[in-house]
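Please have the viewer open while I talk, and stop me whenever you like.

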Amino acid sequence: SFIFKIFSIKKSHIFFLSLFVLIFSYLSSSIEEFFIKSFLNHETIIYLRIISLILTPIILIYFFKKIIKIEINKVRVFFSIFIITIFLSSSLLLIKDSQNLKKNKNENIWEHKEADIKEIPLNNNVFFILTDAYLSPKYFEILYPNEKNLLLEKLNKKNFFTRYNSYSSYSSSKFSIPSIFNSNIFSDEITIDDFKLSLRKKRNILDYSFFTKTLAKNNFNHRFFMCDFKYVFKKRFCKERYTYLSLIEDITIIEGIYYYNTFYRAYKRAILLLYNLNYFRNMVDSLAGDENEDLLLYLEDKIKNIKKDEKNFFSIYFSKPHLPFTLNSNCTWKSIPLSENVKNGFLINDENKRIQGYLDNINCTNNYLVELIDIIEKYNEDPIVVILSDNGPILRPNKYLNNKINKENLLLLDQNSSLFSIKSSKNCLNKFNKNKLHHVNLLKIIFSCDDETF
């Protein structure tokens, strides 16, 4: 009744009107989503965003003024009440959500019981190198039959055990990496809400995993480095991190569409324009002083100064060869439009660009990894070195491989083929069945390398 008094309009049902606007907004956004996925691409999406920004307020004003016959000053009152309604409903949802976090709904997200966290006899230094979306040797030969792979040649020369046709547990980092870190796979009954809830709980599924808890119990000197390549400022760098959660921040197709929208492009173009000014460039470079242009020099400094009298476990994450395809084979920067500086391959329609861009990223990544292996062996005696990836490249080479491989096998290779390679100078791997050497068992096997009873 208070709302009705404010409007003082006969038969005004502002509450139901608010619900109508909410439902209309939901339906329109769903239609927009369908339209985008069906008819638009990463280039033409810009024009839809511009048109919608112009038309939306005009349509709303016309709707209220002509159809519902509310004066403009009444519209202001309505929007005020509408915003208050949204705020109150959001607050209620937040309270409800916080209560859900306290529940034990998602405690049973794993297929098997949690592995025991116990003392282990492992004394070797371990270097756990994770690459993003590196394909298997088999899929590399299928995609690039006339190309050499320096990393695979290096691994063979150094007597690494490399699985020729390895598959990740899942085709997404969100699921594959937690599966590796927990030496487990997700239950068939887990929902996406359960998964999201598990990430938001204090004891999240990466930083309190079987992997991290085992390292903590056994007093490993545990360090984690992320190496990344930022195209806009042409920066390549490694940074030490203290949480693993950032490893599973995938961008879905719809999130990607809105992430790379008009505002994002405008922001990036403004930054690039400013970066051409010496004063702004010097200021930005000074603020980013901890970013090292030479990744290998940075990593070598950390590796050679490890604590010799302690057990060391180094996790080193490379964001490549995953998109964006910003690097040449020799690791110089490409010149690409901002529309291709994306992390979602579905936003690049040109299949040839995806295939060639990925090959260039692979070759550049190989240059770093080949030298990194030499650095590790230079400063460590009998290290355990692991190099693997979280999922396939998802290049969708349907035309390129047409009639060369059936669609089911191609889909499996494209989404799940992954690098899996491991070496221990003491040959502790010889006592394990090679069929059991895969992503989910990997950390259990590493931790059991010096266990004579295993």
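This is a predicted model: local features need pLDDT of at least 70, side-chain atom pairs count only at pLDDT 80 or more; totals for chains, interfaces and linings use all residues.

Now please find strand E6, residues 384-389. Of its 6 residues, 6 are buried, so E6 is largely enclosed by the rest of the structure. Colour the side chains by direction and you'll see Ile 384, Val 386 and Leu 388 pointing one way, with Val 385, Ile 387 and Ser 389 pointing the other way. Both sets are buried.

What about the partners of E6? With strand E1, residues 126-132, E6 pairs in the parallel sense over 6 bridges. With strand E7, residues 420-424, the pairing is antiparallel, over 5 bridges. There, Val 385 has Lys 423 in E7 as its bridge partner.

Elsewhere in the sheet, E3 and E5 run parallel and are joined by 7 bridges. One place to look is Asn 221, whose bridge partner in E5 is Asn 312.

On to the disulfides. How many does the structure hold? There are 2.

Cys 227 and Cys 238 form one of them, with the sulfur atoms 2.0 Å apart. Cys 227 sits in strand E3 (residues 221-230) and Cys 238 in strand E4 (residues 235-241), so this pair ties together parts that are 11 residues apart in sequence. For those of you who like torsions, the angle about the S-S bond is 105 degrees, and the link of Cys 227 and Cys 238 is right-handed. Both Cys 227 and Cys 238 are buried.

Another disulfide joins Cys 331 to Cys 364, at 2.1 Å from S to S. Cys 331 is in the loop between strand E5 (312-321) and helix H14 (351-379), while Cys 364 is in helix H14, so the pair ties together parts that are 33 residues apart in sequence. The link of Cys 331 and Cys 364 is right-handed, with 115 degrees about the S-S bond. Are these cysteines, Cys 331 and Cys 364, buried or exposed? Both are buried.

Next, the rings. The structure holds 24 aromatic pairs. Take Phe 225 and Tyr 298: their ring centres are 6.1 Å apart and their planes are at 80 degrees, so the pair is edge-to-face. Phe 225 is in strand E3 and Tyr 298 in helix H13 (residues 295-304), and the pair links distant parts of the chain, 73 residues apart. Phe 225 and Tyr 298 are both buried. There is also a cluster linked by ring pairs, including Phe 128, Phe 210, Tyr 244 and Phe 447.

Last stop, the surface. Ile 51, Leu 55, Ile 58 and Ile 59 form a nonpolar patch there, with about 370 Å² of accessible area together. Leu 55 belongs to helix H3, residues 45-67. Leu 55 counts as partly exposed because its relative accessibility is 41%.

Note on methods: Residues are numbered from 1 along each chain as its sequence is written. Side-chain values use heavy atoms; hydrogens and water are left out. Patches are made of residues with over 30% relative accessible area and no salt bridge: like charges are joined within 9 Å, nonpolar side chains (Val, Leu, Ile, Met, Phe, Trp, Tyr) within 5 Å. Accessible areas come from the Shrake-Rupley method with a 1.4 Å probe; for residues, only the protein chains shown count as cover. A salt bridge is a side-chain nitrogen of Lys or Arg within 4 Å of a carboxyl oxygen of Asp or Glu. Helices (H or I, at least four residues) and strands (E, at least two) are DSSP runs, numbered from the N terminus. Buried means under 20% relative accessible area, exposed over 50%, partly exposed in between (1.4 Å probe, protein chains only). A disulfide is a pair of cysteine sulfur atoms within 2.5 Å. Two strands pair if DSSP finds at least two bridges between them. Rings of Phe, Tyr and Trp (its six-membered ring) pair if their centres lie within 6.5 Å; planes under 30 degrees apart count as stacked, over 60 as edge-to-face and the rest as tilted.
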